[in-house]
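I opened this model to look at the ligand site, then the overall fold and its core. Notes follow in the order I looked things up.

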Amino acid sequence: MHTNELPKHGKIVRIEEECQDVESFFISSKMEALPGQFILAWIPGMDAKPFCISSCDGSRFSVTVCKVGPFSEKIFEKKIGDTFSYFGPYGTSFSIPENQHLATVGGGYGAAALAWVAKEAKEKGCSVDFIVGARKKESILFAKKVKAAGMNVIITTDDGSAGLKGRTTDALADLIKNSRPDVVMTVGPEMMMYYVAKMCQEQNIPCEISMERYMKCGFGVCGQCCVDDLGIRMCKEGPVISGDLALQIKEFGKYHRDRQGRKVMYG
Ligand SMILES: Cc1cc2nc3c(=O)[nH]c(=O)nc-3n(C[C@H](O)[C@H](O)[C@H](O)COP(=O)(O)OP(=O)(O)OC[C@H]3O[C@@H](n4cnc5c(N)ncnc54)[C@H](O)[C@@H]3O)c2cc1C
């Protein structure tokens with residue numbers, strides 16, 4: 001399937017538990033990548049599946065994996081010193097601003113990619129508000145690390161067990177009212193990104209989102225991740241696209257397609 005390149009292999013040099021069923025795997029391997037890009041982790045004989053790169057310094061990168069099914073469970077079996085095989089990096093990246101006020105809005109493992117975005121933006125003179133949401137306190141990802149790096153973190157939880165009780169979009173609405181960001185970047189559940197993109201469009205704030213679709217080849221050949229009606233490939237023209245472009249995609253916030261191409265509505 002992956003005829004345009006050979007797989008790459010690195011060694012796992014560190015594993016960090018981020019919360020229950022979410023771990024970051026640090027892999028020693030030469031890589032040039034930008035925040036928002038992804039790799040296809042390859043387990044020979046099983047499959048190759050997409051994961052965002054959550055950090056990369058040229059000689060080492062990390063992916064933050066949520067254990068949800070057979071493939072991610074197999075990654076969780078890996079130990080320090082084991083080989084990690086992958087293809088990529090692939091896809092588009094976030095446009096890191098300079099000397100601006102950036103707000104990131106993250107949910108689930110989306111916070112991992114945004115933590116890297118926030119770090120790069122801070123290094124380019126931006127002030128960063130890192131909004132991160134979860135169902136409950138124990139599931140909040142990357143808040144401590146981002147706070148320790150000197151950025152403002154705004155936590156929301158559905159049950160109110162930490163930070164503001166409510167949604168990340170409520171926190172973004174408050175932020176826009178009180179300290180309007182110049183630019184917004186979001187990664188997380190699609191309905192969350194949909195409301196963020198809509199809010200930003202209404203407020204005329206540039207916004208970028210990372211749109212996930214079922215991916216097979218990862219480099220634009222198979223067409224599995226094309227979206228209705230525009231037909232653009234999320235592995236090649238995405239996953240990072242502008243909020244305005246996302247809102248032109250008919251299926252954004254409404255449905256996606258499974259491995260067989262069947263429509264799955266967002267509930
Ligand atoms: C661009 C992109 C970036 C991603 N980044 C991350 C990340 O940083 N961390 C993380 O934990 N997960 C990430 N994912 C999702 C990850 O690919 C799936 O969780 C993983 O493939 C699940 O496989 P599984 O066998 O463990 O579970 P399964 O039981 O096979 O699937 C669980 C769910 O994962 C999704 N999924 C499964 N296979 C694929 C696939 N080939 N392409 C897209 N979605 C799939 C489906 O929605 C499915 O319902 C990303 C997906 C995309 C498209």
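I sorted the shell around the ligand by class and got 15 nonpolar, three polar and three charged residues. I keep in mind that this is a predicted model.

Next I listed who comes nearest: of the 21 residues around the ligand, these are Lys49, Cys66, Gly69, Phe71 and Ser72. I then asked which elements give two or more residues to this shell, and found β4 (47-56), β5 (60-66) and α1 (70-76).

I turned to the chain as a whole. Its secondary structure comes to six helices and 15 strands. I checked the radius of gyration: the chain has 18 Å, which agrees with the value near 18 Å for a compact globule, because that is what 267 residues would give. Along the principal axes, the C-alpha atoms fill a box of roughly 50 × 40 × 35 Å.

I looked up burial and found that 43% of the 267 residues are buried. For contacts between residues at least 6 apart in sequence, I noted that 62% join residues at least 24 apart.

Then I went to the core. The largest nonpolar core has 74 residues, and Ile39, Leu114, Val117, Ala118, Phe130, Val132 and Val196 have the most contacts inside it. Helix α2 (residues 110-123) supplies the largest share of this core, nine residues.

I followed up one of these core residues, Ile39. Which residues is isoleucine 39 in contact with, leaving aside its neighbours within four places in sequence? I found Phe51, Ile53, Val63, Tyr86, Phe87, Gly88 and Pro89.

Terms used
Residues numbered from 1 in each chain as written. Predicted model: local features only at pLDDT ≥ 70, side-chain atom pairs only at ≥ 80, totals over all residues. Near = placed C-beta within 6 Å. Helix = DSSP H or I, 4+ residues; strand = E, 2+ residues; numbered from the N terminus. Nonpolar A, V, L, I, M, F, W, Y, C, P; charged D, E, K, R; others polar. Rg over C-alpha atoms; globule rule 2.2 N^0.38 Å. Buried ≥ 20, exposed ≤ 12 C-beta atoms within 10 Å, placed from the backbone. Contact = placed C-beta atoms within 7 Å. Core = buried A, V, L, I, M, F, W, Y, C linked by C-beta atoms within 7 Å.
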